Amino acid sequence: MITERITDDLDRLLALLPAPLQVALEPASSRDQLLEVVLDLGRVPEARYPGRSMPLGDICLSREELLATVERLGQFGADNRAGIERTLHRISAIRNRRGDVVGLTCRVGRAVFGTVAIVRDLLDSGESLLLMGRPGVGKTTALREIARVLADELGKRVVVIDTSNEIAGDGDIPHPAIGRARRMQVARPELQHQVMIEAVENHMPEVIVIDEIGTELEAQAARTIAERGVMLVATAHGNALANLIKNPTLCDLVGGIESVTLGDEEARRRRSQKTVLERAAEPTFPLAVEMHQRHRWAVHPDVGATVDLLLRGHAPRAQLRELSPDGQVRLVEIEPAGTGPRRPQTPPSPSPGLLRDKPVLAVVPSPDPAADPVGSDLSLAEGEAVSLQDDGEGAEFDGLQVLCCGLTPRLVEEATRRHDWPVRLVEELEQADVVLSVRQGMGQQPGLRRQAREARVPILVIKSDTLAQVERALERLLARRADQTPPASSEDRADAFAALEECRLAVEQVVVPLGRPVELLPRTEEVRRMQADLVERYRLRSDVFGQADQRRLRVFPP
């Protein structure tokens, strides 16, 4: 049985706060599960807990109290963070335009021993491991415990690259939570990739532990380290592997993505377009973990195979592991969509020690296929189009025939079954009444977009691959079909496509790389709205200028 032990040194953090706040946080009930204390000038301080917040009194924070707290903290770094020596607490500052501190976020740091029982078998394998999850789910806590287990229990030479002192705490002496692992501090966040390489060249580590790989240089440094035979354990921005695939900066961590042109015979065999996206190389991290909750993790034992599935529009397969309150590690099997998870099943072992001795090889399907505009648009390349009704090949069908690009066919099937809509998925563009795509899906499939334009098949783009978005799109399409709205002329459709292509080229070739605003050609109101939607997908801002028929869209750099 694996039991958790938590140490937090909370008294040292609370001693820095104004006296009224120390009194408010004195009861044990106020300290339990405390995440952070927020101090903003002129506002009532508040304590934050998982899913809720609590005001600390009813008196607003004065400037004198805030300055006194800052003086007790000491100097902030270049990243506006400070700490308490040999603790894991982190204090972050908010400054005004003059550089004065006007707010503090005092985040509680806890060392939780025993959390990595879920992935202990992965540590024994010696392969590099990547952790992903939303903020606050416990990635840094898990990273800290992994460093300790590798150094103390497995006897590895471990070096921790501690950019913001979150892993091993503030000060020159690292926190005992990382065990015998060594810690290298980073002077400025932008130098993290250099310190990663320095650690390998100067200190002969067997394992490098890194928190938050977030830049292309850091991703390249990670690949360099992995190719030298050093095990990596790191966290990265993103909730799932699908997020990394569509992140051009970090996709190299999972092998990178490249465009491949297939031969005629291979394209016919796959029933796909000739240009598809495929994995470019072996992943830097062969193992990956998606941290859904603090004690519920999805493990990908073969990242390369998972990425290949995502790029072909298939549902990835993962092990969903759960750490129960009694310390048992369980595999949670997921049923197909709409049925929910089965009861957690304990692996055939008297204790989680089996996971420590031998990796669990059984895999179960993930409940949520990745909605990914970089990989999922290749559902047309190799994905299986699911027929919603058993009409037989060549049978007459009077309903709406949909070709999906980047969407999970399961969602269309579920929406159709739920509302009893006359909708069917098709594999060929010639059979389709409409192409349904996610954001950026068509941008990754220029051939399909061109063929749809030539065949006069409309394209509807939705924001995300979710059931609600799919239902809204199908309802809109069926309503238009019922109203028998006359289709736009070929000239209007061609003008709209030309306008969107003009907008895309302006963004990708001028606005983003050169940082200059661009004015597009005058267009109709409907076409300008379509261009504005496209600009929004690039996370950019636009506005309309001009009078009468000269009204046009101007796109601004980020």
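**Helix against helix**

I looked up which residues bring helix H7 and helix H8 together: Gln192, His193, Met196, Ile197 and Val200 in H7 meet Leu217, Glu218, Ala221, Ala222, Thr224 and Ile225 in H8. Contact is taken as heavy atoms within 4.5 Å. I sorted the residues of this contact into seven nonpolar, three polar and one charged; Ala, Val, Leu, Ile, Met, Phe, Trp, Tyr, Cys and Pro count as nonpolar, Asp, Glu, Lys and Arg as charged, and the others, Gly among them, as polar.

This is a predicted model, so I note that local features need pLDDT of at least 70 and side-chain atom pairs pLDDT 80 or more, while totals for chains, interfaces and linings use all residues. Residues are numbered from 1 along each chain as its sequence is written, and side-chain values use heavy atoms, with hydrogens and water left out.

H7 covers residues 192-203 and H8 residues 216-227; their axes come within 8 Å and cross at roughly 15°. Axes are lines fitted to C-alpha atoms, for helices over the stretch in contact, and angles run from 0 to 180 degrees between N-to-C directions. H7 and H8 are therefore roughly parallel to each other (under 35 degrees; over 145 is roughly antiparallel, 65 to 115 roughly perpendicular, the rest oblique). H7 passes H8 in a left-handed crossing, meaning that the near helix is turned anticlockwise from the far one by less than a right angle; clockwise would be right-handed.

**Parallel sheet**

I found an open sheet of four strands in the order E22-E21-E23-E24, with parallel pairing. Helices (H or I, at least four residues) and strands (E, at least two) are DSSP runs, numbered from the N terminus; two strands pair if DSSP finds at least two bridges between them. Strand E22 (423-425) and strand E24 (459-462) each have a single partner strand, so one side of each is left without a neighbour in the sheet. The twist averages 30° from one strand to the next. Strand E21 (residues 400-405) is joined to E22 by three bridges, and Leu400 has Val423 as its bridge partner.

**Antiparallel sheet and hairpin**

I then took the open sheet of three strands, ordered E25-E27-E26 with antiparallel pairing. Its edge strands are E25 (518-519) and E26 (541-545), each pairing on one side only. Five bridges join E26 to E27 (residues 552-556), and Asp543 stands opposite Arg554. Helix H17 (residues 525-537) lies across E26 and E27, at about 10° to E27.

Elsewhere, strand E3 (residues 46-49) runs antiparallel to strand E4 (residues 52-55) through four bridges. The two form a hairpin with two residues between them, and Gly51 in the turn has a positive phi of about 80°. Tyr49 stands opposite Arg52.

**Confidence**

I checked pLDDT, the predictor's confidence in each residue from 0 to 100. The protein averages 80, and 84% of the residues score at least 70. Confidence is highest in strand E10 (residues 158-162), at 95, and lowest in strand E20 (residues 364-365), at a mean of 32. Over residues 335-395 the pLDDT is below 50, and this stretch has 163 contacts in the model beyond near neighbours in sequence. Where pLDDT is low, the predicted coordinates should not be read in detail.
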